[in-house]
Amino acid sequence: MLEHDAPPRDQVVERLTVLLTRMLRPDAPVTEQTQLMDELGLSSSLGLELLLALEDELEIQIDVEELDEDRMATLGDLADYITANSTAR
């Protein structure tokens with residue numbers, strides 16, 4: 001993957017924040033430190049829905065082969081993973 005193929009990390013964080021807020025309607029603001037599963041109750045099916053929505057919005061392809069719960073503990077962790085493991089469509 002070429003570095004410029006991936007969207008900037010701040011753009012990934014911003015879109016994840018918007019999508020998570022829209023999908024889950026959390027009581028507290030969503031930040032990079034927000035625990036996706038523990039605080040938001042993000043399930044694996046909602047996680048997949050989130051990634052598909054993000055792919056559509058940013059016109060990217062996310063490689064989910066290495067994605068597991070450890071890599072998506074917080075919104076920041078997930079943004080790091082997506083930035084490192086995505087390519088432009």
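A: Let's start with the term itself: a pocket here is an open set of grid points with protein on both sides within 12 Å along at least five of seven lines, and a lining residue has an atom within 4 Å of a point. Keep in mind that this is a predicted model. With that in place, the largest pocket holds about 180 Å³ of space. Its lining takes in M37, L42, S43, S44, G47, L48 and L51, and then V64, L67, D68, E69 and M72.

Now for the helices. Helix 2 covers residues 44-58, and helix 1 packs against it at an angle of about 130 degrees, the two axes lying 10 Å apart. That angle makes helix 1 oblique to helix 2, and their crossing is right-handed. Helix 1 also meets helix 3, residues 75-84: their axes come within 9 Å and cross at roughly 130 degrees. So helix 1 is oblique to helix 3 as well, and it passes helix 3 in a right-handed crossing.

As for confidence, the chain has a mean pLDDT of 92, with 96% of its residues at 70 or more. Among the elements, helix 1 (residues 9-24) has the highest mean pLDDT, 97, while strand 2 (residues 86-88) has the lowest, at 93.

Methods. Residues numbered from 1 in each chain as written. Predicted model: local features only at pLDDT ≥ 70, side-chain atom pairs only at ≥ 80, totals over all residues. Heavy atoms only, no water. 1 Å grid on protein atoms, 1.4 Å probe; cavity = no way out; pocket = protein on both sides within 12 Å on 5 of 7 lines; lining within 4 Å. Points joined across faces, edges and corners; volume = space filled by probe spheres on them. pLDDT = per-residue confidence, 0-100. Helix = DSSP H or I, 4+ residues; strand = E, 2+ residues; numbered from the N terminus. Axes fitted to C-alpha atoms, helices over the stretch in contact; angles between N-to-C directions. Parallel < 35°, antiparallel > 145°, perpendicular 65-115°, else oblique. Left-handed = near helix turned anticlockwise from the far one by under 90°.
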